Amino acid sequence: MFYSYKKYLKKMYGKAAYRVSVDGGFSCPNRNKDGSGGCTYCDELGAVAVYQRTMEADLAHNGETSGWKELILPGKTSVFAMEQRKAKIKEQVEEGLRFLKRRYNAEYFILYFQAFTGTFAPVSVLKELYDYGLSLAEFRELVISTRPDCVSPAVADLLVSYKADDLDVWVELGLQSAHDSTLQRVNRGHTRKEFERAFELLRERGIKITVHLIFGLPGENRREIMETVDYLARLKPEGIKIHNLHIPVRTALFEEYSYGELTVPSGMRHLSYTIEALERLPDTIIIHRLTCDTPEHRLGAPRTFFKKGSFLTILRSQMEQRGSFQGKRSMSSH
Ligand code: SF4
């Protein structure tokens, strides 16, 4: 029906492989030193793994957020000494491995620099952090999440230097929308042209790319969303991550939302966007995800949405009923 990330991993490794998410202490060039600014939906606690969020929820519950915030607040982390950053990476890898082995009996692991902008540092610093992370376990893949304006030729050269028979390299690149007007509206701080430049730098080196999209950004309806989808269908990144628009509290976008200035797609609306998008995407593109999972205590809108499992169940059943599948409308599907 669609080429899920799970299917891809199974095909690659013969069994499930799991991401160990780490925060390398990076900040983001789109946010100010004091943690303000950035994309209007930016959630300063957002880009972390679920098991780390449990820790965040516990800390918040106990009113002890300082340790957590010290770890990930942009601006603060950039002054962390290398040794502290490494110590945090070690802690997170150990915790991640423990959790994944216990919960899923996991055997294959992927090192994922997830939080904020994973290439936002001098190349020598990046090398030291990636080298260190990779030395902590036998990882099958290195995945770095970043922004288009933080991929230089030197960064791309460093990333490709990790590619080996037993280690694949992926970059997750945030685009969100192919419309410059939308990128400007949500203060993404980069253009589509910058995205294309970064995409080319990675592609010409054989680095695999997953593009992040958000469906339902302010000013966008079905037409704009499908234009972005068709644009990616032509570019053919190896993977795509689709997120429904979710607005965390304490963000500029939540303020707009509270004034009634925008609406957020409902679960059913997102479902219909997703089915159409899948039909338009070639069946060779790996679908890494289809929804967001902001923890409830931080989510401003939408307050009601399908749980991830139910969304997938309904999606599959609707696709089946309609005879729908990934690539159905894609000229380049094979
Ligand atoms: S690129 Fe990511 S971390 Fe940076 S401001 Fe936007 S959402 Fe926040």
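This is a short tour of the structure above, stop by stop.

**Before you start.** You are looking at a predicted model, where local features need pLDDT of at least 70, side-chain atom pairs count only at pLDDT 80 or more, and totals for chains, interfaces and linings use all residues. Residues are numbered from 1 along each chain as its sequence is written.

**The whole chain.** Colour by secondary structure and you will find 12 helices and 9 strands; helices (H or I, at least four residues) and strands (E, at least two) are DSSP runs, numbered from the N terminus. Of the 334 residues in the chain, 39% are buried. Here a residue is buried if 20 or more other C-beta atoms lie within 10 Å of its own, exposed if 12 or fewer, and partly exposed in between, with C-beta atoms placed from the backbone.

Next, select the open sheet of 7 strands, which pair in parallel in the order 1-2-3-4-5-6-8. Two strands count as paired if DSSP finds at least two bridges between them. Strand 1 and strand 8 (286-289) stand at the edges with a single partner strand each, so one side of each has no neighbour in the sheet. For a look at one pairing, pick strand 6 (residues 239-244): 3 bridges join it to strand 8. Ile-240 has Ile-287 in strand 8 as its bridge partner.

**Helix 5.** Now select residues 123-135. Show the side chains of Leu-126, Leu-129, Tyr-130 and Gly-133, which are buried. They share one side of helix 5, because they cover an arc of only 95° around the axis, taken from the directions from the helix axis to the C-beta atoms. What do the buried residues of helix 5 pack against? Their neighbours are strand 1 (17-22), helix 4 (82-104), strand 2 (108-113), strand 3 (139-146) and helix 6 (153-160).

**Thr-251.** Finish in the loop between strand 7 (247-248) and helix 10 (252-258), where Thr-251 sits. Is Thr-251 buried or exposed? Thr-251 is buried, because 20 other C-beta atoms lie within 10 Å. Leaving aside residues up to four places away in sequence, Thr-251 touches Thr-40, Tyr-41, Cys-42 and Asp-43; contact means C-beta atoms, placed from the backbone, within 7 Å. Thr-251 and Thr-40 are 211 residues apart in sequence, yet 6.2 Å apart in space, C-alpha to C-alpha.

Definitions and conventions:
Two residues are in contact if their C-beta atoms, placed from the backbone, lie within 7 Å.
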